[in-house]
Amino acid sequence: MFFKRKPAEQTRPPEAKTHVVYAEVPSHDFKRALAHFGVRHGMWVLTDHGVGIVRDVDIPNTSLVVALAHPDGTTNVDVVVPVASVKQATYEQIPVSRRENLSREAARSMGYL
Amino acid sequence: MTLLVPNAAEVLALKAFLNNTAGQDQTLKLFATNVTPAETDTAASYTEAAGGGYASKSLTGASSWTFTSGAPSDATASQQTWTFTGALTTNPTVYGYFLVQASSGTILWAEAFTSFTPANNGDQILLTPKITCD
């Protein structure tokens, strides 16, 4: 008596994914808006939500996109806040891991009192 | 997201521009912690990816970059390809890249991009580095 053997299931390797990235350079509008708002890209600021980093500008709404920082220096939440509601962070407010190679003197020269 | 030149790199650029300190070739690295680049950063602010077939890329001033005069003027490198063999052994996700001087290790610039988690053999990140000056 013969039994028909079930064909072996073919397992295909997972399909490889490709992530394409083009460097994004600051536009004229971006730089102009930052200057107009009196802030710098990458500047540490204090918001009503906590300390974060200026990441982008929302020009029509005169708002800033700020990446809120955790105490360990990582970031994973962006908030959009009015320009008038933020101020430059102090040296002490910058997470330690993000200022450990920055002297107080150098920080002061950048406005971090 | 827009690339950021930290303050430490601004000084390097000025020194090279005014012939105080010669420039250096570069090393292009991927970072694997969720960090938004800040003006106070140094290379130590970033945790480089490791494992899964990852290796940093060497770029040379003499041959890796194409310089174009314009408004703005720019320097663009050819597309760099990372092909992974599997998951990273640090944090599993890549959040961006940073460029450092090859010898001194001083940061030049950094950029966060849409995160990507290599998991399978053959997964790739293709990155075209570019910087402008206006």
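Mentor: Let's begin with E3(A) and E4(A), which run antiparallel and are joined by 6 bridges. This is a predicted model, in which local features need pLDDT of at least 70 and side-chain atom pairs count only at pLDDT 80 or more, while totals for chains, interfaces and linings use all residues. Residues are numbered from 1 along each chain as its sequence is written, chains are lettered from A and ligands numbered from 1 in the order in which they are written, and side-chain values use heavy atoms, with hydrogens and water left out.

Two strands pair if DSSP finds at least two bridges between them. In general, strands of a sheet pair through backbone hydrogen bonds, either parallel or antiparallel.

Back to our two strands. One residue facing across them is Ile53(A), which stands opposite Ala67(A) in E4(A). The two strands form a hairpin with 4 residues between them, and Thr62(A) in that turn has a positive phi of about 40 degrees.

Now look at E3(A) from its other neighbour. Strand E2 (residues 44–47) of chain A is joined by 4 bridges to E3 (residues 50–58), and this pair runs antiparallel too. Across it, Trp44(A) stands opposite Ile53(A), and Leu46(A) has Val51(A) as its bridge partner. A hairpin of 2 residues joins E2(A) to E3(A).

Zoom out and you'll find an open sheet of 5 strands in chain A, ordered E5-E4-E3-E2-E6, with antiparallel pairing. At the edges sit E5 (75–82) and E6 (87–88), each pairing on one side only. Helix H1 (residues 28–37) of chain A lies across E3 and E4 (63–69), running at about 130 degrees to E3(A). The angle is taken between axes, which are lines fitted to C-alpha atoms (for helices over the stretch in contact), and runs from 0 to 180 degrees between N-to-C directions.

E1(A) runs parallel to E8 (residues 124–128) of chain B, with 5 bridges joining them; one of the partners is Leu127(B), across from Val21(A).

Next, the rings. Over all chains, the structure holds 5 aromatic pairs. One of them is tilted, because the rings of Phe31(B) and Phe98(B) have their centres 6.3 Å apart and their planes at 55 degrees. Rings of Phe, Tyr and Trp (its six-membered ring) pair if their centres lie within 6.5 Å; planes under 30 degrees apart count as stacked, over 60 as edge-to-face and the rest as tilted. That pair links distant parts of the chain, with Phe31(B) in E1 (residues 26–31) of chain B and Phe98(B) in E6 (residues 94–101) of chain B, 67 residues apart. Together with Tyr46(B), these two form one aromatic cluster. Phe31(B) counts as buried at 0% relative accessibility, and Phe98(B) is buried at 3%. Buried means under 20% relative accessible area, exposed over 50%, and partly exposed in between (1.4 Å probe, protein chains only).

Most residues other than glycine have a negative phi, and most peptide bonds are trans. A cis peptide bond joins Ala71(B) and Pro72(B), with omega about 5 degrees; Pro72(B) is in the loop between E3 and E4 (73–77) of chain B. Asn19(B) has a positive phi near 60 degrees. Asn19(B) sits in the loop between helix H1 (7–17) and E1 of chain B, and is exposed, with a relative accessible area of 69%.

Key: Contact = heavy atoms within 4.5 Å.
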